[in-house]
Amino acid sequence: MQLSRIFGALSLSLALSCGVSHAATITGAGSSFAAPIYGAWGETAQKAIGTSVNYQSVGSGAGQNQAIARTVDFGASDKPMDAAKLDSNKLYQFPTAMGGIVVIVNVPGIAPGALKLDGPAIAGLYDGTISTWNDPRIAALNPGLKLPDTDVAPIHRADASGTSFVFTSYLAKVSGAWKQKFGAGTSIAWAGGAGARGNDGVAAGVKESEGGIGYVEYAYASRNHLNMAQLRDHDGAFIKPDSAAFAAAAAHADWAHADRYAVDLLDTAGANAWPIMSATFVLVPTDPKDAAQGKAVKDFFSYALKNGNPDAVKLDYVPLPQSVKNAVLQGWPKN
């Protein structure tokens, strides 16, 4: 599968396979974090049930807005919408998968995967209180590593981004100073640095900027061989991002107490639990203008949730527990 069909401004308009009747084309837009999995599910679903998916990776903010405006059949967002807004806009919200956000760096002389960071240090790198890579606070986390006297060049998302929401929510959770001054959101008033659109824009900005640091979803970073930092987990150990670390964090999800499935996976306790984890969500209207389109959307996600684990694992996501999948499908609004 070519990367250009998975990442970036993803647009899938899949042809109907032979022998499949009652085909439909559904449209979606939003999360770049979720774009790879919806691309993969779109391909398998087209072959299996004849449903074509046209998905635009335009960011979570746009995904929410388009779901509200009913300009797409489903919106996608890594920031869950609150209950009042869901109800007032007649939207049903449900998770589809979980995944990790990673920190990527371009620090001269530092081998891939060698740099170690923790939450307060990342906050300092983004708020400007740590301005060079050989700052004592970074050196203390990396004994024996020769850090250069290179200026820090932070790159953030310029678009309203669910990845930014997850990343800044993590910083607000582990740094009181960050929480007080910047808070969390899909868009915030960054202290400085450069903005870029999408995962590809952030990655390009880091690659082109000596001393660069950015944040992207893991599947994108892994497949593009980006230099990912180790992070300190809740229990104090430095860990590398991988499927085991993501699964360890996902195991602590408290779905039973998550209103509208808005589960918190950030900085969870437990050995080897990756600290920047998120579920990604879909928004569908509870009153679709076209009943046939509404059914096609439900059929697509029913198929994907029942059969999509192999694609999710292949793309480094963590599948939902079966109990959550069952609840999502049982709770789907009756049209």
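Q: Is aspartate 118 buried or exposed?
A: In this predicted model, the relative accessibility of aspartate 118 is 13%. Because buried means under 20% relative accessible area, aspartate 118 counts as buried.

Q: Which side chain meets aspartate 118 in a salt bridge?
A: Aspartate 118 sits in the loop between strand S5 (116-117) and helix H4 (119-127), and its partner, 114 residues apart from it, lies in strand S9 (residues 230-232). The N to O distance of the pair is 3.4 Å, and the partner is arginine 232.

Q: How many residues apart in sequence are the parts that aspartate 316 and arginine 223 tie together?
A: The side chains of aspartate 316 and arginine 223 meet in a salt bridge at 2.7 Å, N to O. Aspartate 316 lies in the loop between helix H12 (309-314) and helix H13 (322-330), whereas arginine 223 belongs to helix H9 (residues 218-223), so the parts they tie together are separated in sequence by 93 residues.

Q: In which helix do aspartate 299 and lysine 295 both lie?
A: Their side chains form a salt bridge of 2.8 Å, N to O, with aspartate 299 partly exposed at 32% and lysine 295 exposed at 53%. The two residues are four apart, about one turn of the helix, and that helix is H11.

Q: Which element gives the most residues to the lining of the largest pocket?
A: The largest pocket holds about 210 Å³ of space. Strand S11 (277-285) and helix H11 (291-307) each give two or more residues to its lining. The element that gives the most, with three residues, is H11.

Technical notes: Residues are numbered from 1 along each chain as its sequence is written. This is a predicted model: local features need pLDDT of at least 70, side-chain atom pairs count only at pLDDT 80 or more; totals for chains, interfaces and linings use all residues. Side-chain values use heavy atoms; hydrogens and water are left out. On a 1 Å grid over the protein atoms alone, a cavity is a set of points where a 1.4 Å probe fits but cannot get out, and a pocket is an open set with protein on both sides within 12 Å along at least five of seven lines; lining residues have an atom within 4 Å of a point. Grid points are joined across faces, edges and corners, and a volume is the space filled by probe spheres set on the points. A salt bridge is a side-chain nitrogen of Lys or Arg within 4 Å of a carboxyl oxygen of Asp or Glu. Buried means under 20% relative accessible area, exposed over 50%, partly exposed in between (1.4 Å probe, protein chains only).
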